[in-house]
Amino acid sequence: MEQRTSKPEFGTRLSAWGVNHLHVFFSSLGRIWRAPVASLMTVSVLAIALALPAGFYLLLRNAQQISGGWDGVPRISLYLKTDTSPQNVDRLAEKLRQWKDVTDIKVLHKDQALQEFKMLSGFGEALDALDENPLPPVIVIAPRYDAAEPGKVEALLEKLRALPEADIVQLDLQWVKRLYTIMSLVQRGLYIIAAMLGLAVILIIGNTIRLDIQNRRSEIQVNKLIGATDAFIRRPFLYTGFWYGLLGGLVASLLVALAFALLQGPSKRLAGLYESGFQLTALGFGNTLALIGLAIALGYAGAWLAVGRHLREIEPG
């Protein structure tokens, strides 16, 4: 009989606990709603602090795509000796395709190289006056390694230079190293800025919760007098931090989306001038969820720190 009666009691307590959480969850949102001006200012500051690093992150990612117009890897031009026959060129290209550190091969025989040079240089008539084709066959190689791994690309260059058919192996690796060093520096700076703005979000929400605690000081004292636990008193403030984080993350996502929507037109026109199909990459669904989740975590952390510090200072007098 005791076991039978304990189950309904446990279920009743669990139901009451869930109802209380649900009530506090929505009542904390109601308190924010009843102070629209102050809440709007807080949410706006949070959204700007969250949108700045998110926008910089997207700009950096798009800059990496622009600099990686070669699909993320540099291209190596292997100029063969001019007396290399077309059969040997094709045989060498097939051999290079078997290398594990090569992803793509493009072959330009001497005649193809000459036609491409005529089209791009504008010296077609002058080249027609030559008795023989002076251009060598070329194999354009896409390494498996991206430009962020210049050491591995350089090792591949040495292997190509050792080929008996090779005459010149060309890749301006120095600019690749400089570019990705700059990208790495910018990325590190972005992480620092994001960390500082994240700390600012925690401090803003913590200060907002602190003011809310002071305004409800008498209510907290009464709750402590009648035996309310710290968890019960802490709960509405934690949910308030949750709501501020959620709202700030949503507004930040909208700000970033709006900013990149305004940049889409000019970026398309610029890409058209360079005959490029580049398009700005927006935040995306996954990154939007990550931004909102991070905002909620920061809001909850700020509320937790504020509640943990200031609730201890309030005791029934």
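1. Let's start with Trp304. At 43% relative accessibility, Trp304 counts as partly exposed. Please keep in mind, here and below, that this is a predicted model.

2. Trp243, with a relative accessible area of 10%, is buried. Both belong to one aromatic cluster, made of Phe25, Phe26, Tyr239, Phe242 and Trp243.

3. Now find the sheet. Four strands form this open sheet in the order S2-S3-S1-S4, and the pairing is antiparallel. The edges are strand S2 (102–108) and strand S4 (166–170), each of which pairs on one side only. From one strand to the next, the twist averages 20°. Helix H3 (residues 86–97) packs on the sheet and touches S1, S2 and S3. The direction of helix H3 makes about 170° with that of S2.

4. Strand S1 (residues 76–80) is joined to strand S3 (residues 138–143) by four bridges, and the two run antiparallel. To see a particular position, look at Ser77, which stands opposite Val140 in S3. S2 and S3 also run antiparallel, joined by six bridges. Here you can look for Val102, which stands opposite Pro143 in S3.

5. How many residues of S3 are buried? Six of its six residues are, so that the strand is mostly covered, with buried meaning under 20% relative accessible area. In a regular strand the side chains alternate between the two faces of the sheet. For S3, Val138, Val140 and Ala142 are on one side, while Ile139, Ile141 and Pro143 are on the other. Both faces of S3 are covered, and these residues are all buried.

6. On to the charged pairs. The structure holds six salt bridges. In one of them, the side chains of Asp212 and Arg31 meet at 3.8 Å, N to O. Asp212 lies in helix H7 (residues 173–215) and Arg31 in helix H1 (residues 2–33), so this pair ties together parts that are 181 residues apart in sequence. Asp212 is buried, with a relative accessible area of 15%, whereas Arg31 is partly exposed, with 35%.

7. Lys159 is worth a visit, as it takes part in two contacts of interest. The side chains of Lys159 and Asp101 meet in a salt bridge of 3.4 Å, N to O. What does this pair tie together? Lys159 lies in helix H6 (residues 150–161) and Asp101 in the loop between H3 and S2, so the pair links parts that are 58 residues apart in sequence. At 40% relative accessibility Lys159 counts as partly exposed, while Asp101, at 6%, counts as buried. Salt bridges that share partners also join Arg31, Asp212, Arg216 and Glu219 into one network. As for the second contact of Lys159, this residue lies over the face of Trp99, at 4.4 Å from the ring centre.

8. Glu94 forms a salt bridge with Arg97, and their closest N and O atoms are 3.5 Å apart. Both residues lie in helix H3, three residues apart, about one turn of the helix. Glu94 counts as partly exposed, at 42% relative accessibility. Arg97 counts as partly exposed at 42% as well.

Key
Residues are numbered from 1 along each chain as its sequence is written. This is a predicted model: local features need pLDDT of at least 70, side-chain atom pairs count only at pLDDT 80 or more; totals for chains, interfaces and linings use all residues. Side-chain values use heavy atoms; hydrogens and water are left out. Buried means under 20% relative accessible area, exposed over 50%, partly exposed in between (1.4 Å probe, protein chains only). Rings of Phe, Tyr and Trp (its six-membered ring) pair if their centres lie within 6.5 Å; planes under 30 degrees apart count as stacked, over 60 as edge-to-face and the rest as tilted. A charge sits over a ring if NZ of Lys or CZ of Arg is within 6 Å of the ring centre and within 35 degrees of the ring normal. Two strands pair if DSSP finds at least two bridges between them. Axes are lines fitted to C-alpha atoms, for helices over the stretch in contact, and angles run from 0 to 180 degrees between N-to-C directions. Contact means heavy atoms within 4.5 Å. A salt bridge is a side-chain nitrogen of Lys or Arg within 4 Å of a carboxyl oxygen of Asp or Glu.
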